[in-house]
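Welcome, and thanks for taking a look at this chain. Please open the structure below, and then let us walk through it together.

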Amino acid sequence: LREECGVSGWTLLQFLGDAVLVPAGAPHQVQTLTGTISVEQRFLSPESSARLRELGTDPAGTTGQLRAQLDGMIFSAVREALGVLRGGP
């Protein structure tokens, strides 16, 4: 990838209690050396929500999960705006 796209890879060794944050949209690969429990959360930030409509659907349902988060963000924003218009907090 370095020669073709200028992308460098990273290798890290994760120990018990360590957490690794992979930025949204960053491709990554995981190789486990022992039995592992993986916890993953797909998070849609307001800053990247506009990019969601550019994405197609994928077999893993990632875009569906993110679209559901976007729906929740829109609902919360509208609810907050209505509260302000009605003179609430």
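Let us begin with Arg2, which counts as exposed because its relative accessibility is 54%, where exposed means over 50%. This is a predicted model, so please read the values here as computed from it. Arg2 sits in helix α1, which covers residues 2–5. Once neighbours within four places in sequence are set aside, Arg2 is in contact with Val7 and Ser8.

Moving along, Thr11 is found in the loop between α1 and α2. With a relative accessibility of 81%, Thr11 counts as exposed. Its C-alpha atom is separated by 9.7 Å from that of Val30, a residue 19 positions away along the chain.

Next comes helix α2, which spans residues 62–85 and includes Leu85. Leu85 counts as exposed because its relative accessibility is 72%. Leu85 also belongs to a nonpolar surface patch of about 390 Å², together with Ile74, Val78 and Leu82.

| Residue | Relative accessibility | Class |
|---|---|---|
| Arg2 | 54% | exposed |
| Thr11 | 81% | exposed |
| Leu85 | 72% | exposed |

Now for the chain as a whole. How many helices and strands does the secondary structure come to? The protein chain has 2 helices and 0 strands. Of its 89 residues, 8% count as buried. The protein chain exposes about 8,400 Å², and carbon and sulfur atoms supply 59% of that area. Among contacts with a separation of 6 or more, 32% come from residues 24 or more positions apart.

Notes
Residues numbered from 1 in each chain as written. Predicted model: local features only at pLDDT ≥ 70, side-chain atom pairs only at ≥ 80, totals over all residues. Heavy atoms only, no water. Patch = residues over 30% accessible without salt bridge, like charges linked within 9 Å, V, L, I, M, F, W, Y side chains within 5 Å. Areas by Shrake-Rupley, 256 points an atom, 1.4 Å probe, with all protein chains shown as cover. Salt bridge = Lys/Arg side-chain N within 4 Å of Asp/Glu carboxyl O. Helix = DSSP H or I, 4+ residues; strand = E, 2+ residues; numbered from the N terminus. Buried < 20%, exposed > 50% of the residue type's maximum accessible area, 1.4 Å probe, protein only. Contact = heavy atoms within 4.5 Å.
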